[in-house]
Each structure stands twice: as C-alpha cells, then as structure tokens.
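Please read the notes below with the model open beside you, and look up each place as it is mentioned. The points are meant for a reader who is new to this kind of description.

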Amino acid sequence: MAARSVSFDADAHFIETGLESPLDEERVHDSFTQLIYEQSEDLNHTETMELGSLDLEEETRDDFPSLCSEGSCAGVCEDNALVEQCWSSATLRVLSSMPSRTIGRSRGAILSQYYNRTMQLCRRRQSRPSIRSFSRSARPSICGYRVETDAGNFDREENKRERLVNNLQNLSENDRVRMLRAIPLSLQEKWELRRSALNKTARSLSRNKIPCCSQLKYYIIIAFRQSWYSWLSFLSSLQLWQTALKRVSGRFGTGVLSYFVFLRTLIFFNVFLLLVLTLFLVVPQAVRPPTLSLSDSFFGLELLTGAGYFSDSLMYYGYYSNYTLTKACSDARNQSSCGFHLSYNMPLAYFFTIGAAFFITCIILVYSMSKSFGQSFRIDRSKGLLAMKVFCSWDFKVTKKSSVRLQRENISTQLKELVAEVNRKKVKSSALQRLATVSIQLLAWTICVGSTAGCAYAIYCFSEHMHKDLKVRVLSSTNTTESRLLKEASLLALPVAVSSINLLLPGFFNTVAWMEEYDSPSKRNYVAIFRNLMLKVSVLGVLCYHWLGRVALNPGSAGLKCWESFVGQELYRFLLMDFIFTMLDTFFGEFLWRLFSQKVLKKERKPVFDIARNVLELIYGQTLAWLGLLFTPLLPVVQVIKLLLLFYMKKTSLMMNCQAPRKPWRASQMTTFFITLLCFPSFLGAAVCVTYTMWTIKPSESCGPFQGLNTMFQSGKRWVEQLAKDNPRLTWLTWAHTYLVENPFFLFLAASIFLIVIYFHSQVVDGQRKIIELLQEQIENEGEDKKFLITRLQNIHEQKRPRSPRRVRGASKDSSYS
C-alpha cells in the first residue's frame, strides 16, 4: 500500500520550498472543479458530448472485462494498488477526486494552472506576494478526460507553454525557482522551462541597454555569490577526513565507519584538553621555570620509558612549582602594582585547571550522548528509509568523477544494508534447539568470564612482584649507567605483559564466539564489545589499585621521592605500549594473514575488520589519557599523535588487507553506544580515581605544586582563607568553600543532576518514538479505511445497478449447464 511508505521527512521539503502540504483536501476538490472547468472550455463541444455518452454507456454496463478494454479505464485497471479488479465508473469518479489518486495528470492542465498562477504573480509585482499563498495540492486529474489526443489541443498546449515561459521570465529569481519546484512535471521539462526563461531574459537584456549602475550592481551580486559559495566549499573542506570517511563508508559500511568517526571524536576531546592544559599550566610554568638540578643524559630508551631525561621536564607533575609565579619589575616604585597584576598562583591554577578540564569534558560528553540518543533512537523503518535512499539520496550537484564514484559506492552499500535489514527474518526454532543455543551461549560466557578473571589475577600478582623488584633495585648500592638502564628497562615488563593480554585475549574471545549462534551481525558485535569491555575494566581496576593503593600510599618503601611523576611515567609507558602492540596486531593480524591466505591457502578471502576489539582499544587508551591528566599534563599530546597515526595506519590496512562484512548490516546506533561506553565506564572511572587522589591521598613532600599539604584539595581552602584574611568582606567564601566544595554532597548532587538530565532526555526521546509509532499506525489504518470504503462503495453500486438481460441470460445458461 502507498500509505506504508509515508515518510515524515517530506514535511521538511515542503517547508524549504515555501509551499503548503498536499493534505489540504478542501482546496483540492475546489481546485479539481476549477481545472476541469478550464479544460472543458479548451476542448470542443463534440468531444465533451462523446465523453458524456461514454460515461452514460459505462454506467449501464455490467460487463467488467469490457470496461477494462476501453481506453478510458485501461490505465486505472493497471495502476490500481488496492485490489486486483477494475472498478465501475462511479467508483472511478470517486477515485479520481481523491488526493492520493491525482498523480496521473494532464500536462496541458498543469501548464494552464501554473500560467494562471504566474499571471497572478505578475499582476501583483508591486506588492511582491509570497508564493506560499498558493496551494501545492491543486493537481488536476486526467482520469476520464482525454485532453492530449488532438493536434489542436497540442498547439494550444504549446501556446500555454509559451505564455508560461513569458510569465516565468517576468518573475523574480526566487519566485521563479519556487514556481518551477512546485510544477508537477519531470526534471527534464522543468529544466527546459528554466532554460527558455533564462534565454529570453538574456536576449531582452542584450537588446535593452542596461545602465552602468545596474551593471555594477549585477556584477557585485555575482561576485558576492561566488565568494559565498567558495567560502562554503572551503568550510566543507575543513572537515577532518571527510573524503576518507566517505570512502570507508562506501566500501565497508556504517559499522566500520562508526569506528573511524569515534576515533575522530576522541581527537577533538584530546585537542581540547591539550589547549586548556597548555594555556593555563604549561605556558606559565615554561615562562618561569623552577631551579632544578641538571637532568641525566639522553640514551634513547627514555622515549619508551618516559623516565631519565624526561623526569625533570614539563611532562610530569614534579616539575611544576608550589608558589606564586611573579615577574620582577625594573621600576621599584611600581613593585606593588606589578606584583598584583603579574602574579600567578601555580598550585591553585593546577588544581582548578584539572578540575575545570574534567568538568567541561563531562558537559561535552553528556551533551554529545544526549544528542546522539535523539538522532539514533528515532523511528526510522527500513522500508521507508529504503524508498528515501532509492529516490532521494543522489546529489545532482556532484559533477567530479571521483565524487560520483564515491557517492555511488556509498549509496550502494547503504542500500545493501537496508535490504539486508528488511529481508532479515527471525528463524523459528523448537524448544530443544533454543535450549541447546542458550546452553552453548552460557558455556561461552563462562569461559570468557573465567579467562578474564584469571588474567586480572595474573596481572595483580605480576604487579606485586614488580613492586617488590622495584624495592630491591632501590636498595641496591650500584648506581652505574648500565644498572640505571636495566632498571628503566625492567619498568617496561608490566606494560608489555598487560598489552600482550589485551592483544591475545580478544582473539580468544572471537574463537569462543564461533560456537555461538546469533541472529544478526549487530548482536554478535555487541556481545564482543561487552566481553572486551569486561576485560579492559578488570585490567584498569587492577592497575589503579597498583598505582593508588601500593605506590601512592607508601612511596618511601619503593624509594620514590615523587610518586606522582612515577605514576605519570607508568601511564606514558602503558599508552605507548598499547600503540606499539596495536601496530603489531595490524601488521601480523591483517597484513601477514592476508598474504598467507592468498599465497599459501590460495583463497581470496580477507580478514574482516574487528570493530569490537578496535573500539575497546580506543576507549582503553583514552581512559589512560584521562587518568594521566593529573600526573602528566602533556599526556594529551602523546594521545593526539597516537590517534593521528592510528587513523592513517588503520585506514591503509583496511583498504589493503580487509574485506567488507559478508552479511551487510546497518549500524544505526553504534556511535551512540560508543559514546555511552566512553562516558560511563571510561570517563566516570577516570574522574573517580582522580577525585579520590586529590581528595584523600597525601602529595609528595619534595616535588609538585602541592608540597606541604595533606591533600591537594587544601590548596583551594588556603586560597580562600587568605582572601578572607586580606578582605574581611569575603569571609562568606570560607563558609561556601566548606559546605559547597569540601562537602562530598555537592559532588554527588552535580552527578545526580547530570544523570537526571540524561534520564529525562531519554524519556522524552522514548515518548517521541511512541508518538511516531502511533502516527505511523494511524496512517496505515487510514489506508485500510480507504480500501474498505472503496470496496463497500463498489459493492453498493453493484447491488443498486439494474442487471442487463444479456447478463441474466448468461447466468441462466450457466445454471442450466450445472
């Protein structure tokens, strides 16, 4: 039925063109009467009489097959989508007056109708009427009217076309464009009308002498438009990796595209963090560097360990000062004013910069997640999207061959995904088969959970062993260059072990998933994502306990003078090892496997891009970057470089070594799911760990901006107390800081507000989805109502129609034969 393919996006098209919707039925019927009257004036009297006699003859005819043989009803019989039979003439007249049956229309009637409209616009050029006042729904029907069979009528139609072109020429450019959009003709005919109008306008301009001022105004408008279009094209070209993402989407589908879109989102997050930390921490400290002892020599191993030469640098927490940075004034008389204007409290700036970076990131994440929820969980039925993609997806402004080929591949892949989703059927299985499937899935989950728990326990034991080994190396009296290098190299053992587990265990999960049977590829990907997420959360939980439970609480036992810098070095090593192992996985797991499969196994099959593992690797690396903001302010630089290299490396490997999924599937909610995972397990866990460190753990006594404080949080309290001491009017700040900032209730209240906002937004989206479902069901029911009413009208007409003697004789013969 036609009602099933109704799309709600059509309203936006009507709004853009400035015309009314074709659902205004009262104007429709008035327009039908007026247009039929205009047609009757153009046609001669004999043809009208012939049509009338034909209608009278059809009304008394009961032989329905003979009706279909006539020319006036043939098109209706073929185009009928309600039931497979030919209607009577009375039913046909009702059908012809329905708005949904006015698609077939007379070209001459259309030209006449829009000639009248352009005449009205030309007569009222002074008042500049809006074209919205004319209803788009006035479309004439030709059901039962033969208006294009005579040569004289063809001449009249050409005259109408000529007059319509003249009227279009006299209209303004905006009105002309809107009128051409509204005319229900083919694109070729619209293009011919527009070209004829422009040619006449050009000839009239060439014949008439245009004043110099008008020519200058005309050239200025053209130059302004060209510059505006060039600026829009330049802004479009500034979008990061736009062409590359289109190429990935066209060849591999929306599932693989969601990974690269998510990677680009992470780059934007890290660029924001880099700008904030550089402006408020790194640059002020670089302008006024502290007086430190000379650092060690550079051996090259520091690029992997982050220690040694880089220990006393802007990279880590221990380099930053614990006093107010001031600039000395040359003039002693202005010393007080100079100190007031150029002072910079470094401990306070460090505390509030880290807090503001996390707070703004939280707001951006919540906003992105809410916006993504609203976009991805809307109602978009595959059948309606399939029709829109077939008829409305091509951009006719694309002329470049590479762009045309890219858009063709993109549309083709999206059509395959939509067709696969439409044709996907739920397989009905018996109770015994369902029990066997559930048992296999439970066994697979048990294996995955058990292996994850075993790996987490192994990492816990190995980290404890490395902590004891660090104590032994600190107590040793040797301090040669070889011993220092060996000590730094031993620090890579824990990151290498963890990265090896993160590389090998997801492959084991994929092996276990072979014995499971899931209905769709999307469900299989979601299951893989949850298993990899379980692994990453377990590993990060053990590591956070190692850093904050062992190293931070008792740094003296390990001989650490600045445990914050040591934790920052550990995070740098983990982030770098994760990137190195990702490169190894891309080379051995994709490139060498493709060569082995093609050269040795003689198969053309290539590996499929593992979305779950690669996405969880991104979330794991971003969590490490967020954890390192407090201890390594320049860690976002490493993360940005890593993500940039990772994008080009993954894209190249994808194009060379991977193939599209064998079963196309549409990832309509994958980006929303990735943002949700980034917000709650990743960012929330990192924020909790950083807040716990600043609130409860004692800072180092000999390094960093918080020396001599019990907690990092006391820097804000000391600043407020100093303000209240200098200015008694600001004593209320002490009370506000005590009850609003130091009290954990304020933090929980802010978190609760964010959660409530997300919950209410999800409820609003859910309510909108239910309303749209009800509206779609109502549209389908209205289509069923039309079918029911037309069928009843046909039955009533058959009962009231007198039966012809020929039909009675035929019925009696049939009864006698029986």
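1. A word on terms comes before the details. In this note a residue is called buried when its relative accessible area is under 20%, exposed when that area is over 50%, and partly exposed in between, with a 1.4 Å probe and only the protein chains counted. This is a predicted model, in which local features need pLDDT of at least 70 and side-chain atom pairs count only at pLDDT 80 or more, while totals for chains, interfaces and linings use all residues. Residues are numbered from 1 along each chain as its sequence is written, and side-chain values use heavy atoms, with hydrogens and water left out. Helices are DSSP runs of H or I with at least four residues, strands are runs of E with at least two, and both are numbered from the N terminus.

2. Salt bridges deserve a careful look. Side chains of opposite charge can pair when their charged atoms come close. A salt bridge is taken here as a side-chain nitrogen of Lys or Arg within 4 Å of a carboxyl oxygen of Asp or Glu, and by this rule the count comes to eight salt bridges. One of them joins the side chains of Arg-531 and Glu-516, with an N to O distance of 2.7 Å. Because Arg-531 lies in helix 22 and Glu-516 in the loop between helix 21 (493–513) and helix 22, this pair ties together parts that are 15 residues apart in sequence. Arg-531 and Glu-516 are both buried.

3. Helix 22 takes part in another such contact. Lys-536 forms a salt bridge with Glu-617, and their closest N and O atoms are 2.7 Å apart. Lys-536 lies in helix 22 and Glu-617 in helix 24 (residues 611–627), so parts that are 81 residues apart in sequence are tied together by this pair. Lys-536 and Glu-617 are both buried.

4. Arg-613 forms a salt bridge with Asp-585, the closest N and O atoms being 3.2 Å apart, and since Arg-613 lies in helix 24 and Asp-585 in helix 23, the pair ties together parts that are 28 residues apart in sequence. Arg-613 counts as buried because its relative accessible area is 15%, and Asp-585 is buried as well, with a value of 12%. Asp-585, Asp-610 and Arg-613 are linked in a network of salt bridges.

5. How many disulfides does a search of the whole structure find? The search finds one, where a disulfide is defined as a pair of cysteine sulfur atoms within 2.5 Å. Cys-562 is joined to Cys-703, with an S to S distance of 2.1 Å. The pair links distant parts of the chain, 141 residues apart: Cys-562 is in the loop between helix 22 (521–551) and helix 23 (563–600), and Cys-703 is in the loop between helix 26 (670–696) and helix 27 (714–726). The disulfide is right-handed, because the torsion about the S-S bond of Cys-562 and Cys-703 is about 90 degrees. Cys-562 counts as buried at 15% relative accessibility, and Cys-703 counts as buried at 7%.

6. Patches are made of residues with over 30% relative accessible area and no salt bridge, like charges being joined within 9 Å and nonpolar side chains (Val, Leu, Ile, Met, Phe, Trp, Tyr) within 5 Å. Accessible areas come from the Shrake-Rupley method with a 1.4 Å probe, and for residues only the protein chains shown count as cover. A nonpolar patch with about 890 Å² of accessible area together is formed by Phe-224, Trp-228, Tyr-229, Trp-231, Leu-232, Phe-234, Leu-235 and Leu-238. Phe-224 lies in helix 11 (residues 212–237) and is exposed, its relative accessible area being 57%.

7. Trp-241, although not a glycine, has a positive phi of about 60 degrees. Trp-241 sits in the loop between helix 11 and helix 12, and with a relative accessible area of 10% Trp-241 is buried.
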